[in-house]
Protein chains: 2
Amino acid sequence: MVVRDAEATRARILEAALAEFAAVGLAGARVERIAAEAGSNVRMIYAYFGNKSGLFDAAVRSAVETMAAAVPPTPDSLAEWAGRLFDFHLEDPTALRVSLWAQLERPAVASEPMGAYLEKTLAVATRVGSARRAVDLLVIVYSIAQAWVLSPQGLLAADGSDPSSPERIVSHRAAVVRSVAAIVDLEVSQP
Amino acid sequence: MVVRDAEATRARILEAALAEFAAVGLAGARVERIAAEAGSNVRMIYAYFGNKSGLFDAAVRSAVETMAAAVPPTPDSLAEWAGRLFDFHLEDPTALRVSLWAQLERPAVASEPMGAYLEKTLAVATRVGSARRAVDLLVIVYSIAQAWVLSPQGLLAADGSDPSSPERIVSHRAAVVRSVAAIVDLEVSQP
DNA sequence: TATTGGTAAATGAATACTTACTTACATCGC
DNA sequence: GCGATGTAAGTAAGTATTCATTTACCAATA
């Protein structure tokens, strides 16, 4: 390294960790690979993040923050929000994959951003009547927005078309948006 | 072992593998732990399944088969089918978790049951107009049925209630069924 | 029927290699 | 020179996979 910059090194490590964890998860990740990819070394990882799971936790938090910042929730139009979430995950599935791995391998960390959850729930609750129904709705909306990226290729290609073609993407995005719209309509109309 | 029974031993190994892989995934699983849990030994795993990923693949296939057999699709009432899927995943998340891990760690294996996908797609296509729309719909229906089990505890509890309470479960199941019903209605009405 | 030989099933321990984590040392900026 | 930052080479504990051997079972033979 020519220039010494703790912040920059930390950031490079975190970035490399995000990619590695998104690709192979916590158990599959290799500390040495992350260090190499970051242009740093193992020692620095332990200096900055304590241990492997500490780095993973930091990566998860970073991923969730990125996601929340990139796709701010708009309670008035959940359908459009779902569409933007879909776009975000499609363009870069890193954050989604890291979150999912956290949910499987470290559920406690995945449940951490309680504040954000509470906020969204309350915002939606005013439209749906109760907090419970808001949670039920949010759970479903999230999953619809993620469905495409998490579906096996075999299912996506079951109609004989290429799942990565632009028309195919546009088609599914439309399905996502109108599905969420239909569900929200339903929930708002019958409390 | 008192009795020598290749089939039984194989079955015990597979059962133990399912539990282990569901809990910690392919990279997190320990061959030795599986052997011990199965009341067998490591060498047998290699005799019957070749290697660790061979065992994982076998576990995935077994999980998918179990799931397909336990919750046969009913194209005429996708909503009820989603409800039964929800029940199945809730009672035992093993198959769902194994499938999800396959999707993350070995996408090729997760995409394997093409036959089942094609069948379901065709069955739904006759109701929705085109195979493409059928796939879009199926992807979303699957994800809605799984959403609860895959959501972080923090979100599920954001309304202040206990996510594992029977009333909470009943409430969400209802949300799943009526959501799918609403989406299917929409898709059938406007082709 | 008792003996023998063959084969599938099972086992414990070794092998070859990874992997998270540490230590001892170097270098930069103030 | 001193604390912060960086590096390379360890180390001890695991870990997938293989080896050498034993055990149970079966059937043919004498």
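In what order do the elements of chain A run from the N terminus on? They run α-α-α-α-α-α-α-α-α-α-α, and the secondary structure of chain A comes to eleven helices and zero strands. Helices (H or I, at least four residues) and strands (E, at least two) are DSSP runs, numbered from the N terminus.

This is a predicted model, in which local features need pLDDT of at least 70 and side-chain atom pairs count only at pLDDT 80 or more, while totals for chains, interfaces and linings use all residues. Residues are numbered from 1 along each chain as its sequence is written, chains are lettered from A and ligands numbered from 1 in the order in which they are written, and side-chain values use heavy atoms, with hydrogens and water left out.

**Chain A as a whole**

- Taken along the principal axes, the C-alpha atoms of chain A fill a box of roughly 60 × 40 × 30 Å.
- Of the 191 residues in chain A, 51% are buried (under 20% relative accessible area; exposed is over 50% and partly exposed in between, with a 1.4 Å probe and protein chains only).
- Contact means heavy atoms within 4.5 Å; among contacts in chain A between residues at least 6 apart in sequence, 63% join residues at least 24 apart.

**Two helices that pack**

- Helix α1 (residues 6–28) and helix α3 (residues 42–49) of chain A pack at about 100°, their axes 10 Å apart.
- These axes are lines fitted to C-alpha atoms over the stretch in contact, and angles run from 0 to 180 degrees between N-to-C directions.
- α1(A) and α3(A) are therefore roughly perpendicular to each other (65 to 115 degrees).
- On the α1(A) side, the contact is made by Ala6(A), Thr9(A), Arg10(A), Ile13(A) and Leu14(A); α3(A) brings Met44(A), Ile45(A), Tyr48(A) and Phe49(A).

**A closer look at Leu18(A)**

- Leu18(A) lies in helix α1 of chain A and counts as buried because its relative accessibility is 16%.
- Leaving aside neighbours within four places in sequence, Leu18(A) is in contact with Ala59(A), Ser62(A), Ala63(A), Thr94(A) and Val98(A).
- From Leu18(A) to Gly50(A) there are 32 residues in sequence and 16 Å in space, C-alpha to C-alpha.

**Lining of the largest cavity**

- A cavity is a set of points, on a 1 Å grid over the protein atoms alone, where a 1.4 Å probe fits but cannot get out; lining residues have an atom within 4 Å of a point.
- Residues lining the largest cavity include Pro73(B), Trp81(B) and Lys120(B).
- α8(B) supplies the largest share of this lining, three residues.

Definitions and conventions. Angles under 35 degrees count as roughly parallel, over 145 as roughly antiparallel, 65 to 115 as roughly perpendicular and the rest as oblique. On a 1 Å grid over the protein atoms alone, a cavity is a set of points where a 1.4 Å probe fits but cannot get out, and a pocket is an open set with protein on both sides within 12 Å along at least five of seven lines; lining residues have an atom within 4 Å of a point.
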